[in-house]
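These are my notebook entries on one protein model. I looked up its pockets, cores, ring pairs and backbone.

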Amino acid sequence: VPTIFSRIARHEIPAVIVAEDDAAVAFMDIAPASRGHVLVIAREEYPDIGSIPPATWLRVMALTQRVAQAIQRGLAPDGINIVQNNGAAAGQTVFHLHVHVIPRWADDGALALWRPGAMMPEQLDAVARQIRAALGDD
Ligand code: 5GP
C-alpha cells in the first residue's frame with residue numbers, strides 16, 4: 001500500500017507543493033508547527049534514514065537546503081529547525097522518509113527538541129566505542 005506521501009508525490013491527492021524535481025518533493029505540512037512549515041520527501045518510498053540510498057538522501061537534502069534558503073529569504077524567520085524523525089519512538093507517524101523545515105521566531109515556543117542530559121566521560125567513551133564499531137561494519 002503506498003503511503004499518503006507517495007500519493008502526494010504522484011499528484012494523486014492534493015497537497016500545497018512549493019518545489020519538486022525528479023528526486024524530491026517539498027510541500028506544506030497540513031498541521032504546521034509554525035507558519036511556513038514544509039516537508040521534503042523523496043519521490044520514491046523509503047521508510048527512514050536507514051533504508052534510503054545515500055545518493056537519494058543527498059537529493060532530499062539538496063532540496064531541503066533550497067527550501068530553507070527560500071524560507072529565509074521569503075519569510076525572514078529568526079531561525080529554522082531541520083527535523084527528521086525515524087521510528088515511532090522518535091515521533092515518526094508517516095513511514096515515508098521526510099524532512100521537516102520549520103521556520104522559527106524568537107520565543108514562539110513552536111517546539112522543544114530535547115532536554116539536555118548528563119553523561120560521565122567514560123560513558124561517552126563507551127557509547128562512542130559502540131558507534132565506531134558499527135561504522136566499521138559498513
Ligand atoms: P512525522 O511525525 O512522521 O515526522 O511527521 C508527519 C508530518 O506529516 C506531520 O507534521 C503531519 O502534520 C504531516 N502530515 C500527515 N499527513 C499529511 C497529509 O496528508 N498532508 C500533508 N501536507 N501533511 C501531512
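How much space lies in the largest pocket? I noted about 390 Å³. The model is a predicted one, so I kept the rules at hand: local features need pLDDT of at least 70, side-chain atom pairs count only at pLDDT 80 or more, and totals for chains, interfaces and linings use all residues. Residues are numbered from 1 along each chain as its sequence is written, and side-chain values use heavy atoms, with hydrogens and water left out.

**Entry 1, pocket.** A pocket here is an open set of points on a 1 Å grid over the protein atoms alone, where a 1.4 Å probe fits, with protein on both sides within 12 Å along at least five of seven lines; lining residues have an atom within 4 Å of a point. The volume is the space filled by probe spheres set on the points, which are joined across faces, edges and corners. I found 21 lining residues, and Phe 5, Phe 27, Asp 29, Ile 30 and Leu 39 are the closest to the centre. Helix 1 (4-9), strand 2 and strand 5 each give two or more residues to this lining, and helix 1 gives the most, with 3. Helices (H or I, at least four residues) and strands (E, at least two) are DSSP runs, numbered from the N terminus. By class, I recorded 13 nonpolar, 7 polar and 1 charged residue in the lining. Nonpolar covers Ala, Val, Leu, Ile, Met, Phe, Trp, Tyr, Cys and Pro; charged covers Asp, Glu, Lys and Arg; the others, Gly among them, are polar.

I found 1 aromatic pair in the structure. The centres of the Phe 5 and Phe 27 rings are 5.3 Å apart and their planes stand at 75°, so the pair is edge-to-face. The cut-offs are centres within 6.5 Å, with planes under 30 degrees apart stacked, over 60 edge-to-face and the rest tilted; Trp is taken by its six-membered ring. Phe 5 lies in helix 1 and Phe 27 in strand 2, so the pair ties together parts 22 residues apart in sequence. Phe 5 is buried at 8% relative accessible area, and Phe 27 is buried at 3%. Buried means under 20%, exposed over 50%, and partly exposed in between (1.4 Å probe, protein chains only).

A nonpolar core is a set of buried Ala, Val, Leu, Ile, Met, Phe, Trp, Tyr and Cys residues joined through side-chain atoms within 4.5 Å. The largest has 16 residues, and Ala 26, Val 38, Val 40, Val 60, Leu 63, Val 67 and Val 101 touch the most other members. Strand 2 (24-28), strand 3 (38-42), helix 2 (54-75) and strand 5 (98-104) each supply at least two of its residues. Helix 2 gives the most, with 5. I also listed a second, separate core of 8 residues, which includes Phe 5, Val 25, Phe 27 and Ile 41.

Where does His 11 lie? I placed His 11 in the loop between helix 1 and strand 1 (17-20). Its phi is near 60°, a positive value in a residue other than glycine. Ala 76 has a phi near 50°, again positive in a residue other than glycine, and lies in the loop between helix 2 and strand 4 (79-83). His 11 is partly exposed at 49% relative accessible area, and Ala 76 is partly exposed at 49%.

**Entry 5, whole chain.** I counted 3 helices and 5 strands, in the order α-β-β-β-α-β-β-α from the N terminus. Of the 138 residues, 32% are buried.
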